[in-house]
Amino acid sequence: METTPSIRVENLTRKFGAFTAIQNVSFTVNPGEIVGFLGPNGAGKSTTMRILSGIMPATSGSAWVGGIPVANNPHEVKQRIGYMPENNPLPDGMRVVEYLRFRARLKGVPGRKISDTVLDVMETCDLARTARRKIIGTLSKGFRQRVGIADALLGDPEVIIMDEPTIGLDPHQIQGIRKLINNLRGRLTVVLSSHILPEIERSCDRVIIINRGRVVASGTSDSLREEFLPGKRFNLEVKGTEQSVTEALKTKGIETEVLEKEISDGDILRLSLRAEGHGDLGPQLMAALSESTDCTLRSLAPYAPNLEEIFLAATKRSWEETMDSPKAIAAVKA
Amino acid sequence: MLLISPPTYIAAVLFVSLMGFLYWAILRGMINTPEESLPIVQFLKIFWIPVFFVVPLLTMRSVAGERSTGTLDTLMTTPTSRVAVILSKFSGAYIFYMLLWLSTLSFPLIASKFFPSAAVSGSLLETAPIIGGFAFLALSGVLFISIGIFASSITRSQLVAGMLSFTTLFVAIIGGQQLGNIAENGAELAFWASELVNYLQIFEHLDDFSRGVIDTRPFFYYISTGALLLGLSTLVIEAKA
């Protein structure tokens, strides 16, 4: 390995009494990557993040941040991490700028640099003009979230960990936060968790899906799509019957599977199907169906399953199977 | 946080008004019946009344409040050591507590302005008992505030923290005295037990100090127990942030 990964986690396990919150979680995050942590509520996302930020010790396993083991050297690790906890707790009585100055001092920013650093992060998070002197308790949720992110950015960390940064925000605010995260791309390693899937898909380079305390899948959303929902998907509208379509395609050597069908406007059939074959399937399908005499093609559109479907497919598999399948092991290593 | 939160000022107002009233009551009592001790000595004898409510009010928020809002988590992710967190919580509360006590020095000053004759005789502003008494307050304050911080560090609820520190203070201040009373009421105690009981007599310590007798044993008692409690608080927030 030429570069040290920003975060490396190996076989991390955390138990709360008899309850196992996470079990044998392993993954790596490279510098500059934006990684989304995805999982249903109670899957162990927050636990993993808390262990990484050194608040909570792991029961077994190891974690490194920037090559430094978290368990042996939490102090050093904390200087390299900006952490925004779930629900983003802030003291309601303080003003934004006061709070950020206070946090900068806590994070060991040297005295004469505090003003500049605070101004800098407020600019990045778009707080400088609007909310500088406001009392935190009176801020809207979107601004509170920005204050949390600004706080995480203080002290020049290498890694930023955000636990559900967009929870409870309206679409405008979510877009704002997404832009903010995009601005950080390349400069910092960002790990964020969410169960809002489109959110993760838009802002993250890579996704780690975690379910019941185990890493179920990891990779870009394209590679996950390939793994969990193989084949190409198309939505088409034809005049004719379902059978005529599948047969017309079969004669051309394209295997299909109809996933959904719906009849509208009398004789128009809407199909969503999965096709397996070689090369660019779109034109092939179009050619095959236009040659067929039994059906007329009205429209054809390729369709990429979104993360939601991948997520459902990935978490549906029972976890024993997932852990043992070679695909999953390969995915974890990726 | 202590300086911008309302409970701090409530505690301060309660403290100063109550103490002012008590000082006035003491002075009034002295008009009617001659007393042996000076007003300031009598005044310091009732230090435990404000301690019971001021210390819990000042300290109950310190860690429990941070824990329940979750800001303890964000505090823990900064490269600040836990010892520093607890010590700063302690010193914040302690300094404020001492400031409150120092503000009571204004009572004899005001009184001496209105009763110049008493001031001339030196009975209002006698320096020795004041210095001794305040040395005692500063020293016992270490223990009392540590009790409050520790109570606050082991729970998430401010209410529980307040009740815990109140009862612990009660046991520490009144319990020691009661043990002393039992011992005096004839029950023969083994030598070591009576030594122990004497050691825990917070009121006796005050008497000694205001007479100007500064013993090292109370020093050891307050500082070591205070340090122990603060150390335990550090361990507690380390274990359950």
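**Before you start.** This is a predicted model, where local features need pLDDT of at least 70, side-chain atom pairs count only at pLDDT 80 or more, and totals for chains, interfaces and linings use all residues. Residues are numbered from 1 along each chain as its sequence is written, chains are lettered from A, and side-chain values use heavy atoms, without hydrogens or water.

**Stop 1: the interface.** Select chain A and chain B. Here 17 residues of chain A are in contact with 16 residues of chain B (contact means heavy atoms within 4.5 Å). The two chains bury about 1500 Å² between them, 64% of it on carbon and sulfur atoms. Buried area is the accessible area (1.4 Å probe) that two parts lose on being put together, summed over both.

Now pick A:R50 and B:D73. They form a salt bridge, with the closest N and O atoms 2.6 Å apart. The term means a side-chain nitrogen of Lys or Arg within 4 Å of a carboxyl oxygen of Asp or Glu. The rule finds 1 salt bridge across this interface.

Next, show helix 2 (74-80) and helix 3 (96-106) of chain A. Each supplies at least two residues of the side that touches chain B. Helix 2 gives the most, with 3 residues. Helices are DSSP runs (H or I, at least four residues), numbered from the N terminus.

Stop 2: Select A:R103, A:K107 and A:D151. A:R103 meets A:D151 at 3.0 Å, N to O. That pair links helix 3 to helix 5 (residues 141-153), 48 residues apart. A:K107 reaches A:D151 at 3.4 Å. Both A:R103 and A:D151 are buried, and A:K107 is buried too. Buried means under 20% relative accessible area (1.4 Å probe, protein chains only).

**Stop 3: a pair in chain B.** Go to B:K89 and B:E66. Their salt bridge has its closest N and O atoms 2.7 Å apart. B:K89 lies in helix 6 (residues 82-103) and B:E66 in helix 4 (residues 64-69) of chain B. Both residues are buried. Over all chains, the count comes to 12 salt bridges.

**Stop 4: the cysteines.** Finish with A:C125 and A:C204. The whole structure has 0 disulfides (pairs of cysteine sulfur atoms within 2.5 Å). The sulfur of A:C125 is 17 Å from the closest cysteine sulfur, in A:C204, too far for a bond. A:C125 counts as buried, at 1% relative accessibility. A:C204 also counts as buried, at 11%.

Methods
Buried < 20%, exposed > 50% of the residue type's maximum accessible area, 1.4 Å probe, protein only.
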